[in-house]
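Open your viewer and have the selection tool ready. We will walk through the model one stop at a time, with something to pick out at each.

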Amino acid sequence: MRLLIKNGHIIDPKNGVDEVRDLLIADGVILSAGKNLADEDAQVLDASGKIVAPGLIDLHVHFREPGYEYKEDIETGSKAAAKGGVTTVVCMPNTKPVIDNGALVQYVMNRGREIGLTNVLTCGCISKGQQSGELSEIGELKAAGAVGISDDGRPVLSPSLMKKALEYAQMFDMPILSHSEDLDLVDGGSMNEGYMSTYLGLRGIPKSAESVAVSRDVLLAEETGGRLHVCHVSTKNAIEAIRNAKKRGAKITAETAPHYFSLTDRACDGFNTNAKMNPPLRDDEDVQAVITALADGTIDAIATDHAPHHFDEKELEFDQALNGIVGLETSLGVGVTYLVKTGKLTLSQLIEKMSVNPASILGIDKGTLGEGKPADIVIFDCENPYKVCVHEFESKGKNSPYDGFELYGKVKTTILGGKIVYQED
Ligand SMILES: [Zn+2]
């Protein structure tokens with residue numbers, strides 16, 4: 001199996017490459033990169049006018065299996081990833097049952113391998129049953145292949161349990177992916193607290209529901225020396241807490257999601273439940289703070305929080321509808337359109353946020369097109385806009401606020417371990 005990608009604009013931040021080159025792939029790995037490469041035995045892929053980059057790595061997806069296969073399963077989730085240029089995903093363990101033991105970790109990863117469209121990795125739970133009562137067997141989760149631990153979907157209610165988790169996880173060199181939320185402050189709210197919530201007559205969620213919880217978790221990480229990765233950061237004050245703790249040398253990383261730098265709570269107008277997620281869409285000040293934090297490195301990664309739901313779970317009154325949107329098939333487009341086309345990040349910086357940095361957070365040998373590295377690659381078009389249509393999604397979830405949006409950054413080809421797993425017709 002040899003593949004020669006010709007004349008693509010290669011962006012490989014880890015190796016400082018940002019120019020037109022050819023790329024030769026053999027036996028699943030990158031053999032060489034250079035100008036005017038030729039190989040008689042290779043299948044040739046013309047990438048003229050396209051960007052060729054390391055496959056995207058999404059630290060935060062919900063594939064819903066086991067238990068909620070009517071929303072998504074590992075197969076449809078993998079297809080959505082391949083179509084979105086995402087070659088590695090990290091599943092969150094809030095399935096039914098929750099992934100709090102080694103057998104379930106192995107089940108998810110084996111299923112991902114069988115399907116073979118994206119590298120399916122998973123977190124295990126921080127607490128047994130995600131009940132915030134006692135720690136799960138972190139060593140067992142690690143031995144089974146879990147790449148981190150998380151109670152995502154719910155916060156760890158007890159600060160002392162979170163402290164213990166940060167201490168134990170260190171022994172196994174595991175990051176804690178924290179869903180930092182203060183449920184007491186959420187107090188039944190369904191959207192960001194502010195002008196729009198008042199206008200729509202909906203109970204608001206104050207920004208402090210995030211910033212207070214993030215502050216707690218970064219202080220615990222600092223005290224214990226544990227590795228904390230803060231999920232889906234959406235507010236200015238949470239960012240400030242992370243920025244300050246990083247300056248003091250805490251081992252903290254953070255992610256945001258595409259919706260937090262491209263949309264505000266105005267998207268909830270008309271009681272649009274496809275703009276309902278947790279944390280909620282914020283206001284202009286927060287969107288600006290997220291963009292600044294991406295540019296200055298306070299936020300390390302962009303992850304989708306891909307959260308498919310059944311139509312009936314969204315087609316409800318706003319406060320009754322479930323939280324979450326699908327993201328795998330629009331993340332690159334939203335990133336290119338709202339960060340690169342606006343001049344906030346270079347394309348190389350965007351690839352850092354979507355591939356290089358996620359790989360280093362996970363400690364995996366990916367996110368690079370260096371010779372000898374696994375040939376996980378995305379080829380996309382930055383020049384021509386396209387229109388998002390949710391009915392074309394591979395995901396079972398069609399719950400996206402971007403339906404009908406015009407975006408740049410359409411994925412043309414996705415390659416996983418040297419094999420083409422997606423190609424636009
Ligand atoms: Zn979460």
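**Stop 1: a hairpin turn**

Begin by selecting Gly 417, which takes a positive phi near 55 degrees in the hairpin of β19 and β20, where 2 residues sit between the strands. Helices (H or I, at least four residues) and strands (E, at least two) are DSSP runs, numbered from the N terminus. Before going further, note that this is a predicted model, in which local features need pLDDT of at least 70, side-chain atom pairs count only at pLDDT 80 or more, and totals for chains, interfaces and linings use all residues. Residues are numbered from 1 along each chain as its sequence is written, and side-chain values use heavy atoms, with hydrogens and water left out.

Now colour the strands on either side of the turn. Strand β20 covers residues 419–423 and runs antiparallel to β19, with 4 bridges joining the two. Look across from Ile 415 and you will find Ile 420 in β20 opposite. Two strands count as paired if DSSP finds at least two bridges between them.

Select Lys 410 in β19 to see the bridge partner of Asp 381. How many of the 7 residues of β19 are buried? The count is 6, leaving the strand (residues 410–416) mostly covered. Here buried means under 20% relative accessible area, exposed over 50%, and partly exposed in between (1.4 Å probe, protein chains only).

**Stop 2: two domains**

Zoom out and colour 2–51 + 374–423 as domain 1 and 55–362 as domain 2. These bounds come from an automatic or database domain assignment. The C-alpha centres of the two domains lie 25 Å apart. Across the boundary, 34 residues of domain 1 are in contact with 47 residues of domain 2, where contact means heavy atoms within 4.5 Å.

**Stop 3: the zinc ion**

Which residues coordinate the zinc ion? Show Asp 152 (OD), His 179 (ND1) and His 232 (NE2), at 1.9 to 2.2 Å. Asp 152 lies in the loop between β9 (148–149) and α4 (159–171), and His 179 in the loop between β10 (176–178) and α5 (183–186), so the pair ties together parts that are 27 residues apart in sequence. Along the chain, the donors follow the spacing D-x26-H-x52-H. Donors are N, O and S atoms within 2.8 Å of the metal (3.2 Å for Na, K and Ca); water is not among the atoms, so sites may look incomplete. Asp 152 counts as buried at 2% relative accessibility, and His 179 is buried too, at 6%.

**Stop 4**

Move to strand β13 and select His 229. Is His 229 buried or exposed? Its relative accessible area is 0%, so His 229 is buried. Display Thr 253 as well, and you will see a polar contact of 2.8 Å between the two side chains. A polar contact is a pair of N or O atoms within 3.5 Å; within protein, one must be able to donate a hydrogen and the other to accept it, and residues adjacent in sequence count only if both atoms are side-chain atoms. Not counting residues up to four places away in sequence, His 229 also touches several others, including Leu 59, Ile 176 and Ile 361.

**Stop 5: helix α8**

Select residues 236–247, the 12 residues of helix α8. Among its buried residues are Ala 238, Ile 242 and Ala 245. The buried residues of α8 pack against α7 (208–224), β13 (228–230), β14 (252–256) and α10 (284–296). After α8 comes Gly 249, with a positive phi near 100 degrees.

**Stop 6**

Most residues other than glycine have a negative phi, and most peptide bonds are trans. Select Glu 65 and Pro 66, joined by a cis peptide bond with omega about 5 degrees. Pro 66 is in the loop between β6 (56–61) and α1 (74–83). Thr 95 is in contact with both Glu 65 and Pro 66, and its side chain reaches the backbone oxygen of Pro 97 at 2.8 Å.

Another cis peptide bond joins Asn 278 and Pro 279, with omega about 0 degrees.

Finish with Asp 27, whose phi is positive, near 50 degrees. Asp 27 sits in the loop between β2 (17–26) and β3 (29–34), and counts as exposed at 68% relative accessibility. Gln 130 also has a positive phi, near 55 degrees, but Gln 130 is buried, with a relative accessible area of 5%.

Conventions
The expected span of a helix is 1.5 Å times one less than its number of residues.
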